[in-house]
Amino acid sequence: MVRHGVFGATRFVPGAGFDAATKFGAGAGLGVKTFFGKNVGLRLEARGYWTLVSGEGGVACVNGICLFAFSGSGLWQGDVNAGLILAF
């Protein structure tokens, strides 16, 4: 089983008349590879990506006790892959 996670940035470039923007992004994936024989196998993988589109947050501290608050909305994307493995 293969697992992975990523944190980084997503660059939006919408086209004419709109400004480009870079936003925080994160992703996670899960995959499995199995062989039916010495030379033939199957690989399955699914990945999901989330990008923060808009958000706001704040912090308030009183007598050493702090409260953190965050609110935002995001964009979800995903993909699923399957492949046949032929080894020689």
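Predicted model: local features only at pLDDT ≥ 70, side-chain atom pairs only at ≥ 80, totals over all residues.
## Overall fold

The chain contains four strands and zero helices. Read from the N terminus, its elements follow the order β-β-β-β. The chain is more spread out than a compact globule, because its radius of gyration is 20 Å, well over the 12 Å that the globule rule gives for 88 residues. Along the principal axes, the C-alpha atoms occupy a box of roughly 65 × 45 × 15 Å.

Of the 88 residues in the chain, 10% are buried; a residue counts as buried when its relative accessible area is under 20%. The accessible surface of the chain is about 7000 Å², and carbon and sulfur atoms contribute 63% of that area. Among contacts with a separation of 6 or more, 44% are between residues 24 or more positions apart.

## The disulfide

A disulfide is a covalent bond between the sulfur atoms of two cysteines. The count for this model is one disulfide. Cys 61 and Cys 66 are the residues joined, with an S to S distance of 2.0 Å. The link between Cys 61 and Cys 66 is right-handed, with 110° about the S-S bond.

Both cysteines can also be described by their accessibility. Cys 61 has a relative accessible area of 49% and is therefore partly exposed. Cys 66 is likewise partly exposed, because its relative accessible area is 37%.

## His 4 in strand E1

Strand E1 covers residues 2-12 and includes His 4. Because its relative accessibility is 32%, His 4 counts as partly exposed.

Which residues are in contact with His 4, leaving aside its neighbours within four places in sequence? They are Gly 27, Ala 28, Gly 29, Glu 45 and Arg 47.

## A nonpolar surface patch

A nonpolar patch on the surface is formed by Phe 36, Val 40, Leu 84, Leu 86 and Phe 88. Together, these residues have about 670 Å² of accessible area.

Is Leu 84 buried or exposed? Leu 84 counts as exposed, because its relative accessibility is 60% and the exposed class begins over 50%.

Technical notes
Residues numbered from 1 in each chain as written. Heavy atoms only, no water. Patch = residues over 30% accessible without salt bridge, like charges linked within 9 Å, V, L, I, M, F, W, Y side chains within 5 Å. Areas by Shrake-Rupley, 256 points an atom, 1.4 Å probe, with all protein chains shown as cover. Salt bridge = Lys/Arg side-chain N within 4 Å of Asp/Glu carboxyl O. Buried < 20%, exposed > 50% of the residue type's maximum accessible area, 1.4 Å probe, protein only. Helix = DSSP H or I, 4+ residues; strand = E, 2+ residues; numbered from the N terminus. Rg over C-alpha atoms; globule rule 2.2 N^0.38 Å. Contact = heavy atoms within 4.5 Å. Disulfide = S-S within 2.5 Å.
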